[in-house]
Amino acid sequence: MSELIPVLLALIILIGGVIVAAVLTWFERRLLGVWQDRYGPNRLGPLGIGQVLADMIKLLFKDDWVPPFADKVVFIFAPTAIVVAMMMGFAVVPFAPGMMIIDVNIGLLFFLGMTSLAVYSVLLGGLASNNKYALLGGLRSAAQMVSYEVFMGLSLMGVVMMSGSFSLVAIVEAQTDLWFCFSQILGLIVFVIAGIAESHRLPFDLPEAEHELTAGFHTEYGGMKFAMFMLGEYLGLMLISCMIVTLFFGGWHGPALIGHWLPPLFWFGFKVFFVICFFVLLRAAIPRPRYDQLMSLGWKVMLPITLINLVITGAVLLWMEGAG
Amino acid sequence: MLEITLFYVAATIALVATVMAMTRTNAIHALIYLIVSLLAVAVIFFLIGAPFAAALEIVIYAGAIMVLFVFVIMMLNLGERGDQQERQWLQPKIWIGPALLSMLLFVELLYVISALEGPVSATAVSAKEVGLSLFGPYVLAVEIASMLLLAGLVGSFHLGRRYLDRGDLEKEGE
């Protein structure tokens, strides 16, 4: 039976991931509506949830067109890369004790590797479209993602130092007494910002900034291929949220005192839901920065913060080791 | 047994992808094959008991360095013209010299491998051991690499700075 859990979980993630991503498209629009004092899609079905179905039918039955001037093979391959990479990323997420596909001792690095592979989707999509707006979007995403990957990796090193392992299960277990969101507050801030930049969502969606690049890297995409890009983006949002909860908010551990009232899986899901809502709030509240502002924020603010965090964490750990 | 099968599958993918990377005339297609080859090598690292090296292979080589390669190709954006030029350069007679030389290396490699006994050690190397050996026996190499990176950093800073201050330079020239 225990051998079957990873297989079952993989199937649940494959199917559930797609469904949750589809529902998220509606949920995000409704929530944005609430925060921006308007309705959002509210006509189809209860609360407008039928909108998900309508959107899916529309996207599935659209003509699957490849522009004649595009690089055909790469154009078709590009949207699949982001979905595959993000789905692979879920393999190491520990949802609850014993509920994960695989617990490897390089879990954190595996996650970083998968997010860095997802960049190719945007890059190759922009390049294969053979369109200047798509190319500009792809170029921006390359520079943005490669830069923010650096801080993303570095901001997690504090967590790794404190738990002494790259394994995500070990990291969650190290947070039994105190969540890392208190002791690694600087790491958390940098990781959240880098996470938004990596999943290129508003306010950091410069690769597709519609007011200057029409639709950026997916200008030429439509129908199912466009849906794949969207699916990848929402899977990325979910993956980043899962990672924030795992690394900084105690994973499956509930809050002290009331933590035992409900099962670990509920606490994990609840916290992920909360983080996703926070990301939507960011989208509703903050306007898009200019491209050079984004890059200088990265290299002039985020990099020093992560390095300071690393030095302080290391010093405190060594000091505690000497004292204890 | 399963591991050996997996190894040979990954090794075949790596070899085929590398050959394809060398023979493509379209730079982007060649790069995608090169990325596939790197991923296959990462799988091999994982199988022979170096998971840390496998993860770094994906994060650094496939995830960062190759992205920069694609970035440069996008900046140049040669398109069809680049393909034609490449096709001209990749004449069959160009291949003779390198093929002969690598044939010699291949024979040498076969000889060395046949002299080896049994499989390479299959104990897993953890991240901690890699770190300890980097700052223990190989500390000189780490220092040299960091100096090289610093030189690169200073160089690119210099180039970027001159571009920004060109107005001032021109004023000085007047």
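Start by selecting A:Ser155 and whatever touches it. Beyond its neighbours within four places in sequence, A:Ser155 is in contact with A:Gly187, A:Val190, A:Phe191, A:Thr306 and A:Asn309 (contact means heavy atoms within 4.5 Å). A:Ser155 sits in helix H5 of chain A; helices (H or I, at least four residues) and strands (E, at least two) are DSSP runs, numbered from the N terminus. At 0% relative accessibility, A:Ser155 counts as buried. Here buried means under 20% relative accessible area, exposed over 50%, and partly exposed in between, with a 1.4 Å probe and protein chains only.

A word on what is on your screen: this is a predicted model, where local features need pLDDT of at least 70, side-chain atom pairs count only at pLDDT 80 or more, and totals for chains, interfaces and linings use all residues. Residues are numbered from 1 along each chain as its sequence is written, chains are lettered from A and ligands numbered from 1 in the order in which they are written, and side-chain values use heavy atoms, with hydrogens and water left out.

**Next stop: the largest pocket**

Select A:Val150, A:Leu154, A:Met157, B:Leu56 and B:Ile60. Of the 43 residues that line the largest pocket, these are the closest to its centre. The pocket has a volume of about 2300 Å³. On a 1 Å grid over the protein atoms alone, a pocket is an open set of points with protein on both sides within 12 Å along at least five of seven lines, a cavity is a set of points where a 1.4 Å probe fits but cannot get out, and lining residues have an atom within 4 Å of a point. Grid points are joined across faces, edges and corners, and a volume is the space filled by probe spheres set on the points.

Now colour the helices around the pocket. From chain A, helix H4 (107-128), helix H5 (132-163) and helix H12 (291-323) each supply at least two lining residues, and so do helix H3 (51-76), helix H6 (127-134) and helix H7 (139-164) of chain B. By class, the lining has 34 nonpolar, seven polar and two charged residues. For these classes, Ala, Val, Leu, Ile, Met, Phe, Trp, Tyr, Cys and Pro count as nonpolar, Asp, Glu, Lys and Arg as charged, and the others, Gly among them, as polar.

**Then the cavity**

A search of the whole structure finds one cavity of 30 Å³ or more, and about 70 Å³ of space lies in the largest cavity. To see its lining, select A:Ile82, A:Met86, A:Thr115, A:Ala118, A:Met145, A:Glu198, A:Ser199, A:His200, A:Gly236 and A:Ile240. H3, H4 and helix H10 (223-248) of chain A each supply at least two of the lining residues. That lining has five nonpolar, four polar and one charged residues.

**Over to chain B**

Show chain B as a cartoon: there are eight helices and zero strands. Of the 174 residues of chain B, 19% count as buried.

Pick helix H2 of chain B, residues 27-47. At 1.5 Å a residue, its 21 residues should span 30 Å, and the end C-alpha atoms are 30 Å apart, which agrees; the expected span is 1.5 Å times one less than the number of residues. Its buried residues include B:Ile28, B:Leu31, B:Ile35 and B:Leu38. What covers the buried residues of H2(B) includes helix H3 (72-89) and H4 of chain A, plus helix H1 (2-23) and H3 of chain B. Just after H2(B), click on B:Gly49, which takes a positive phi of about 90°.

**Cysteines, back in chain A**

A:Cys242 is buried, with a relative accessible area of 5%, and A:Cys277 counts as buried at 15%.

**Last clicks**

Go to A:Asp37, in the loop between helix H1 (4-35) and helix H2 (50-60) of chain A. A:Asp37 has a positive phi of about 65° although it is not a glycine, and it is exposed, with a relative accessible area of 75%.

Finish with A:Glu173 in helix H6 (residues 168-173) of chain A. At 47% relative accessibility, A:Glu173 counts as partly exposed. Not counting residues up to four places away in sequence, A:Glu173 touches A:Trp252 and A:His253.
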